[in-house]
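I set out to look up charged side-chain contacts and backbone geometry. My entries are recorded below the display.

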Amino acid sequence: YYNIESSLESPPKPVVVTKELPSDQWHGNRYIRFGPDDMLYVGVGAPCNVCEKDDPRFGSLMRFPVTGGKG
């Protein structure tokens, strides 16, 4: 939500930052934090306990600009 602090009484519509995250549910919790470079950092877990996947996003830390898209 852009500028949410100044519009709590009438919040704006949510904005999708990225659709680049995997949708697998196993270890699907997402933890996010803004870094000192004003980028949004998202930890991406693995889809299973012991497996090999070709998707390089699993078990990674992804970053995105706050305006959306890839970082």
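I worked from a predicted model, in which local features need pLDDT of at least 70 and side-chain atom pairs count only at pLDDT 80 or more, while totals for chains, interfaces and linings use all residues. I numbered residues from 1 along each chain as its sequence is written, and side-chain values use heavy atoms, with hydrogens and water left out.

**Salt bridges.** I took a salt bridge to be a side-chain nitrogen of Lys or Arg within 4 Å of a carboxyl oxygen of Asp or Glu. By this rule I recorded 2 salt bridges.

I found aspartate 37 paired with arginine 63, the closest N and O atoms being 3.5 Å apart. This pair links distant parts of the chain, 26 residues apart: aspartate 37 is in the loop between strand 1 and strand 2, and arginine 63 is in strand 3 (residues 60-65). Strands here are DSSP runs (E, at least two residues), numbered from the N terminus.

I then noted arginine 57 with aspartate 55, where the closest N and O atoms are 2.6 Å apart.

**Accessibility.** I used these classes: buried under 20% relative accessible area, exposed over 50%, partly exposed in between (1.4 Å probe, protein chains only). Aspartate 37 is partly exposed at 34%, as is arginine 63 at 40%. Arginine 57 is partly exposed at 25%, and aspartate 55 is partly exposed at 23%.

**Loop residue.** I looked up aspartate 38, in the loop between strand 1 (31-34) and strand 2 (39-44). Aspartate 38 has a positive phi of about 65° although it is not a glycine. Aspartate 38 counts as exposed because its relative accessibility is 56%.

Technical notes
Helices (H or I, at least four residues) and strands (E, at least two) are DSSP runs, numbered from the N terminus.
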